[in-house]
Amino acid sequence: MTARIYKPAKNAMQSGTAKTREWQLDYEPETPRTIEPLMGWTSSSDMQQQVSLRFHTRDEAVAYCEREGIPYQLIEPKEPVRRRAAYADNFAFRRPEPWTH
């Protein structure tokens, strides 16, 4: 029962950074998922996959795993590359192509 500790990335439908500031702990699946022969649904008997814990800091998540004796894998987040852009750049003379209506 290994746990992953990571900071979730924002999804494609988000423009802001909501729900990306906290650290999340998810358990790795122990058993593979199976396909039910009658309906074709995917199922699993592993209940740990449904558990997802959130922590304010990375240290809190690591301390929880060490206190409970859970082996964990820490995944450090990649900092997003911010490109500075100004509205005036749309009308600059150094634009690669001319701006027209």
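This is a predicted model: local features need pLDDT of at least 70, side-chain atom pairs count only at pLDDT 80 or more; totals for chains, interfaces and linings use all residues.
View 1. Asp 59 and Arg 67 are exposed. Ala 61, Val 62 and Cys 65, also residues of H1, are buried. Looking down the helix axis, the buried residues fall within an arc of 95 degrees, so they line one face of H1. An α-helix has 3.6 residues a turn, so residues three or four places apart point the same way. Asp 59 and Arg 67 lie on the other side of the helix. The buried residues pack against four strands: S1, S2, S5 (52-55) and S6 (72-74). Gly 69 follows the helix and has a positive phi, near 75 degrees.

**View 2. The largest nonpolar core.** Ten residues make up this core. The members are Ala 3, Ile 5, Trp 23, Leu 25, Tyr 27, Phe 55, Ala 61, Val 62, Cys 65 and Ile 70.

**View 3. Contacts of Leu 25 and Tyr 64.** Leu 25 is one of the residues of the largest nonpolar core. Leaving aside residues up to four places away in sequence, Leu 25 touches Ala 3, Arg 4, Ile 5, Val 51, Ser 52, Leu 53, Phe 55, Ala 61, Tyr 64 and Cys 65. Tyr 64 is part of helix H1.

**View 4. Surroundings of Glu 76.** Glu 76 sits in the segment after S6. Its relative accessibility is 44%, so Glu 76 counts as partly exposed. Not counting residues up to four places away in sequence, Glu 76 touches Trp 23 and Arg 58. Trp 23 is also a member of the largest nonpolar core. The C-alpha atom of Glu 76 is 6.5 Å from that of Tyr 6, although the two residues are 70 apart along the chain.

**View 5. The largest pocket.** This pocket holds about 480 Å³ of space. Its lining has 17 residues, and those closest to the pocket centre are Pro 8, Ala 9, Thr 20, Lys 78 and Pro 80. By type, the lining divides into seven charged, six nonpolar and four polar residues.

Definitions and conventions
Residues are numbered from 1 along each chain as its sequence is written. Side-chain values use heavy atoms; hydrogens and water are left out. On a 1 Å grid over the protein atoms alone, a cavity is a set of points where a 1.4 Å probe fits but cannot get out, and a pocket is an open set with protein on both sides within 12 Å along at least five of seven lines; lining residues have an atom within 4 Å of a point. Grid points are joined across faces, edges and corners, and a volume is the space filled by probe spheres set on the points. Ala, Val, Leu, Ile, Met, Phe, Trp, Tyr, Cys and Pro count as nonpolar, Asp, Glu, Lys and Arg as charged, and the others, Gly among them, as polar. A nonpolar core is a set of buried Ala, Val, Leu, Ile, Met, Phe, Trp, Tyr and Cys residues joined through side-chain atoms within 4.5 Å. Buried means under 20% relative accessible area, exposed over 50%, partly exposed in between (1.4 Å probe, protein chains only). Contact means heavy atoms within 4.5 Å. Helices (H or I, at least four residues) and strands (E, at least two) are DSSP runs, numbered from the N terminus. The arc is that of the directions from the helix axis to the C-beta atoms.
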